[in-house]
Amino acid sequence: MAVLRKANSILKRFKRDESGVATLTWALSLTAIIAAMGAAMDFAVLSNADARSQSIADNTALAAAIYVKTNGRAPEREGELVEGIHKASDFGYDYKSFVVNGADGVNIEIDYDDNAKEVTTTVYGQTNPILMQILGFSELNFKAKSVVSYLNIEDKFPASIALVLDNSGSMQFDD
């Protein structure tokens with residue numbers, strides 16, 4: 001009961017106080033909280049787009065390297081993983097609304113390097129920020145890159161490993 005009287009006394013004192021300290025404190029605190037929430041949203045959206053792009057870059061590069069290793073040449077027909085710039089939607093990938101133009105705004109660039117025997121895939125696009133628009137950034141860029149080798153390496157079988165258990169007592173310790 002004493003705690004309620006004490007809390008009631010503090011609230012009455014704030015109500016009578018006309019200096020504006022409480023209002024100023026609330027205004028500054030609320031501004032900081034809103035800024036932190038906006039920055040967290042922008043970071044989450046950018047991180048999500050970046051992670052999705054890295055996954056797409058890895059999958060596309062691996063599929064292209066497997067195609068070259070299997071067929072002995074880079075794809076040449078449209079609809080396959082031909083060298084050049086493609087839209088993410090062309091390969092059936094989807095991006096949510098925070099990415100500018102969705103999957104049509106995300107580019108997948110495929111580059112075959114026969115000298116190095118590798119395929120490089122770069123995925124890039126832009127997100128729509130929430131808080132950063134106040135600071136003048138209308139778009140935030142994201143980019144992911146993956147390199148996979150399709151070099152022909154002879155298959156080698158791993159060494160056989162055996163587990164030996166010694167129960168003779170020769171390794172027993174005396175303390």
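1. Surroundings of Val82. In this predicted model, Val82 makes contact with Pro75, Glu76, Arg77, Ile110 and Tyr112, once its neighbours within four places in sequence are left aside. Val82 belongs to the loop between α2 and β1. Is this residue, Val82, buried or exposed? Its relative accessibility is 7%, and since buried means under 20%, Val82 counts as buried. Tyr112, one of the contacts of Val82, is 30 residues away from Val82 in sequence, with a C-alpha to C-alpha separation of 8.9 Å.

2. Overall architecture. The protein contains 2 helices and 4 strands, and their order from the N terminus is α-α-β-β-β-β. The radius of gyration is 30 Å, well over the 16 Å that the globule rule gives for 175 residues, so the protein is more spread out than a compact globule. Along the principal axes, the C-alpha atoms occupy a box of roughly 85 × 75 × 25 Å. Of the 175 residues, 25% are buried. When contacts between residues at least 6 apart in sequence are considered, 56% of them link residues at least 24 apart.

3. The nonpolar core. Which residues of the largest nonpolar core touch the most other members? The core has 22 residues, and those with the most such contacts are Tyr95, Val106, Tyr112, Val119 and Val123. At least two core residues come from each of α2 (21-71), β2 (107-113), β3 (118-127) and β4 (140-149). The largest share is that of α2, with 7 residues.

4. Val119 within the core. Val119 is among the core residues that touch the most other members. Not counting residues up to four places away in sequence, Val119 touches Ala61, Ala64, Ala65, Ile110, Asp111, Tyr112, Ser146, Val147, Val148 and Tyr150.

5. The largest pocket. What lines the largest pocket? The lining consists of Val45, Asn48, Ala49, Arg52, Asp94, Tyr95, Lys96, Phe98 and Val99. By class, 5 of the lining residues are nonpolar, 1 is polar and 3 are charged. The space in this pocket amounts to about 160 Å³.

6. Ile130 is located in the loop between β3 and β4. Its relative accessibility of 37% places Ile130 in the partly exposed class. Between Ile130 and Phe43 the C-alpha to C-alpha distance is 9.8 Å, while 87 residues separate the two in sequence.

7. Leu46 in the helix. Where is Leu46 placed? Leu46 sits in helix α2, and with a relative accessible area of 24% Leu46 is partly exposed. Excluding residues up to four places away in sequence, Leu46 touches Thr127, Leu140, Asn141 and Phe142. Leu46 and Ile34 are 12 residues apart in sequence, and their C-alpha atoms are 18 Å apart in space.

8. Backbone angles to inspect. Most residues other than glycine have a negative phi. Which value of phi does Asn101 have? Asn101, although not a glycine, has a positive phi of about 65°. Asn101 lies in the loop between β1 (84-87) and β2, and at 62% relative accessibility Asn101 counts as exposed. Lys117 is likewise not a glycine and has a positive phi, of about 60°. The loop between β2 and β3 holds Lys117, which at 36% relative accessibility counts as partly exposed.

Notes: Residues are numbered from 1 along each chain as its sequence is written. This is a predicted model: local features need pLDDT of at least 70, side-chain atom pairs count only at pLDDT 80 or more; totals for chains, interfaces and linings use all residues. Side-chain values use heavy atoms; hydrogens and water are left out. On a 1 Å grid over the protein atoms alone, a cavity is a set of points where a 1.4 Å probe fits but cannot get out, and a pocket is an open set with protein on both sides within 12 Å along at least five of seven lines; lining residues have an atom within 4 Å of a point. Grid points are joined across faces, edges and corners, and a volume is the space filled by probe spheres set on the points. Ala, Val, Leu, Ile, Met, Phe, Trp, Tyr, Cys and Pro count as nonpolar, Asp, Glu, Lys and Arg as charged, and the others, Gly among them, as polar. A nonpolar core is a set of buried Ala, Val, Leu, Ile, Met, Phe, Trp, Tyr and Cys residues joined through side-chain atoms within 4.5 Å. Buried means under 20% relative accessible area, exposed over 50%, partly exposed in between (1.4 Å probe, protein chains only). Contact means heavy atoms within 4.5 Å. The radius of gyration is taken over C-alpha atoms; the globule rule is 2.2 Å times the number of residues to the power 0.38.
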